[in-house]
Amino acid sequence: MADMVFWCIAALTVISAAFVVLNNQLLYAAIGLLFTLFGVAGLYVFLWADFIAGVQLLVYIGGILVLIIFGIMLTNQISSVRLSQTNVQQGVGAVVVTWLFIFLSMVISKTPWLIRPALEPESTTAGVGTLLLTRYLLPFEVISVLLLGALIGAAVLSREGN
Amino acid sequence: MDQLTNYLFIAAVLFSLGVFGVITRRNGIAVLMGVELILNAANLNFVAFSRFGGMNLDGHIFGLIVIVLAAAEAAVALAIIINIYNNLNTINVDDASSMKQ
Amino acid sequence: MEQYFIQFSLLILFLPLAAFVVQIFLGKRLPRQGDWVSISAIGITLILSLIMFATMLSSYDSGFSKEASFTWIDMGSFSIQLGFLIDNITIIMLVVVALISTCTHIFSLEYMAGDIRYSRYFAYLGLFTFSMNGIVLANNLISMYMSWELVGVSSYLLIGHWFEKDTAANAGKKAFLTNRVGDIGFFIGIMLLYTAVGSFMFSDIFEGVAVGKISGTMLTLAGVGLFLGAMGKSSQFPLHIWLPDAMEGPTPVSALMHAATMVAAGVYMSVRVFPLFSPDALLVVAYVGGFTALFAASIAVTQTDIKKVLAYSTVSQLGYMILAVGTGVYTAAFFHLLTHAMFKANLFYGSGSVIHAMHHALHKKHDHNTDPQDMRNMGGFKEKMPVTYWTMLVSTLAIAGVPLFSGFLSKDAILAGTLAFAQHHPAHLLLPVFGFGAAALTAFYMFRLMFLTFHGAPQMPELIDDIHESPKEMTGPLVLLASLSVFIFYTLPYVDPFSDHGWFTDLVVAGDSFVPGSIPAREIADHAHHAHYTAMYTSIAVAFLGIALAVMVYLRKVFSAENWVKSFGTLYDWSRNKYYFDENYERFLYQPFFRLANKVAWLDWDLYDKYFINGFGRFTDWLSRVTGRFDFEGIDQGLVDGTGRIVNYLGGTFRKLQTGRLQNYLLYVTAGLIILTIIQAF
């Protein structure tokens, strides 16, 4: 049962990701991205990463995806039904990316990965919280400053008439 | 399903598709979506190694940081794209090619 | 103390050099033109030398030797080591050099006062002392050769100190060039030894000679080559011509040069390399030395210039030393070098004192035509210059070989060695004849000098009132050096005026020659010991004969010198004119050389330049036209412009790659990554 769910989620993720990059209509691509992100969140759950899965849902789907759709809306005439866009150098790109995937697959399959014996699943929220405020305190602070900078930067950049 | 390589393969597919998107899309927002795919692929790897490999919870922290970075990046990138749109009335990245001689 | 000897030697070597550097650059700006810099440098050198000397006397070890080397050049199999060799001979020589040099410095304070190049004069004195110490301390032929040439340079500078005078400038050049002739021999000798032995170190060379790496004719040639160097520096026949001319330099320099530095270098070198002289080379050495001794003495007899007499006397005495080296008693040669340094320096200072007095007296009379050095203008100075007179008398007695004075001991040792040599090699009877003949002549001409200068009636009565004793700076060295001519300083701790047995003979013991099959030093010493009394009586006899003759001719006027001149007219002329050596060199060496040079110049100008050089020029002109066309049409138009065109075309093509589209670039990057991975994987 779990297996089937897993493969379903994996398929959803991959197919919608392909939809994101191949579909000509931007809004549909954005919707595809929504499903991809959902799929990834599902995979996180399978990886016992409950906190990350939550954050994925909140930040990506609740934040970034909405931001992207806003962007699409703001930069296209809303009246036009087909917010289409075209692709360039698709042939060459496809060849190159295929090769890239082949190499990645070779690396994945040939590398003798360290496999840890499966443990009992447990909640990671407490552990992540402790780590963030102890060992990763400095990166945590730095990233918050970065966020602040990005916030101000974005606000300045999108101001009217600069 | 409890196979590291399964997750890695999914991540590889996501990554390749993201690169393809970045290379081929003309629309700036679409390029941005490709970047999000790449970031998700990387994140998936982190969490997968955290579960199966020796990364433990550290992988989760990295994942978190990547998500935060992605949010910041998306905010700034969209601000830039809107600026370009205001100036050039298009967001096709190959039209905004004043770098070209 | 011995452990500090190397540091002492470094100081002794480089302090005079430091004084030279300071003087040459800052001399004129320092108070008193910096003479105190030189004096203190040389003073410290003297003190250090005396400390070494005292240490040597207190340890009283005849086998003392200390060596230190460092690698100067190291190129694979070729390396040159430089270093110091300090043994008793070195220490004694260092004391002699430092002492005479100090005296010269002090003497010059007054003698050179007011000279226009006062500071430069002291600078050169420092350089001279440095170079001489370099020779003395060397433990290898290379640094000895370098110092050797430096001695040549500094003597050139000092002899030509008053270079406004043509004679002085020419004398400097003559000294330098004549020395070069000898130096070439020296260099050839060094190279022969190096080729055979592969080292410049004395110890290595001696060892090489002992094991026969170089022997027979080559060894003789090498020895004669080295000796040629000594002939040049020590002014041996036929390279003696520069030394009398060198009198053009300031008199203190003459004293330094004749007593301790320049001319002593040749003898010192011969003593140092004595163990490698083959018997044949030694014979050459002995004959050159013996002949020079007699020959120079015979010239000194007729000279009227006070300094010329002393100059030839030096040549003659050096001949003695060389003779001693040649007959195997080289420690006697070094002994004579030591005693001679003292009394000859004193004689030169004395003559300088006399000339100084003459110069001032003439200056007062505004007489600038009379030669202040000519003994015919002197006479009767005894009462006026008592210190000069008595000190010079002591030295004269010493040089004449009168018992109780130092010269007697050393000369006696040489003559005994020479006599012993002739007794065992009857074919070489001429050598002691040279020796004793020169001894008689020496006594004669030295007393002639004394009588003409100090006794009798003044030849220029108008001057005699203005003749005054020299100041303390000049008489001080005179008194010091005259007292050092007394025998007691050389025979301590024994007091026997008729035997040279003393600290010197105890400390400087002849070593065996390294040439296989040569006579052991012990045997030579025994032979000389057997000949000692015969030699001593004969030498006392000939010395008194010479003195008596001088007394009769110049003091009592029993014989008239003028009559003798008439009856020995030709001989007198020859001697008076130094056997016409300069003239004959001029006629048979220089003139043919100039003619040859003119011929070569004609060849050069009229043949070589006109046809070859100009022809070559025309050919080059034609060739450059041809190559010019090739250059312009082939290279410029074809290659250079072609390259430009190709680059232009390629640039135009590749420019299209630079689209300015980030996505293209990203594609290239990814493709490049894949290609790199492929390369890495396969």
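Okay, the contact between chains A and B: in this predicted model it takes 72 residues from chain A and 61 residues from chain B. Contact here means that the C-beta atoms of two residues, placed from the backbone, lie within 7 Å. On the chain A side, α1 (2–22), α2 (26–46), α3 (50–75), α4 (90–110), α5 (125–133) and α6 (137–157) each supply at least two residues. Helices, by the way, are DSSP runs of H or I with at least four residues, strands are E runs with at least two, and both are numbered from the N terminus.

Which helix gives the largest share of that side of chain A? That's α3(A), with 14 residues. By class, the side of chain A that touches chain B has 52 nonpolar, 18 polar and two charged residues. For the classes, Ala, Val, Leu, Ile, Met, Phe, Trp, Tyr, Cys and Pro count as nonpolar, Asp, Glu, Lys and Arg as charged, and the others, Gly among them, as polar.

Some housekeeping before I go on. Residues are numbered from 1 along each chain as its sequence is written, and chains are lettered from A and ligands numbered from 1 in the order in which they are written. Since it's a prediction, local features need pLDDT of at least 70 and side-chain atom pairs count only at pLDDT 80 or more, while totals for chains, interfaces and linings use all residues.

Now zoom in on one helix pair across that contact. α5(A) packs against α3 of chain B, residues 57–88, at an angle of about 75°, with the axes 10 Å apart. Axes are lines fitted to C-alpha atoms, for helices over the stretch in contact, and angles run from 0 to 180 degrees between N-to-C directions. So α5(A) and α3(B) are roughly perpendicular, the label for 65 to 115 degrees; under 35 is roughly parallel, over 145 roughly antiparallel, and the rest oblique. Who touches whom? From α5(A) we have A:G127, A:V128, A:L131 and A:L132, and from α3(B) there are B:L57, B:H60 and B:I61. Those residues divide into five nonpolar, two polar and no charged.

Chain B itself has three helices and zero strands, and buried residues make up 59% of its 101 residues. Buried means 20 or more other C-beta atoms within 10 Å of a residue's own, exposed means 12 or fewer, and partly exposed is in between, with C-beta atoms placed from the backbone. Among chain B contacts between residues at least 6 apart in sequence, 45% join residues at least 24 apart.

On to chain C. We get 25 helices and two strands, and 50% of its 682 residues count as buried.

The strands are β1(C), 65–75, and β2(C), 78–87, which run antiparallel and are joined by 10 bridges; two strands pair if DSSP finds at least two bridges between them. They form a hairpin with two residues between them, and C:G76 in the turn has a positive phi of about 60°. One bridge to look at is C:T71, partnered with C:Q81 in β2(C).

Last stop, C:K308, which is in α13(C), residues 306–326. Buried or exposed? Buried, with 21 other C-beta atoms within 10 Å. Beyond its neighbours within four places in sequence, C:K308 is in contact with C:P244, C:M247 and C:Q303. The C-alpha atoms of C:K308 and C:D245 are separated by 8.2 Å, and these residues are 63 apart along the chain.
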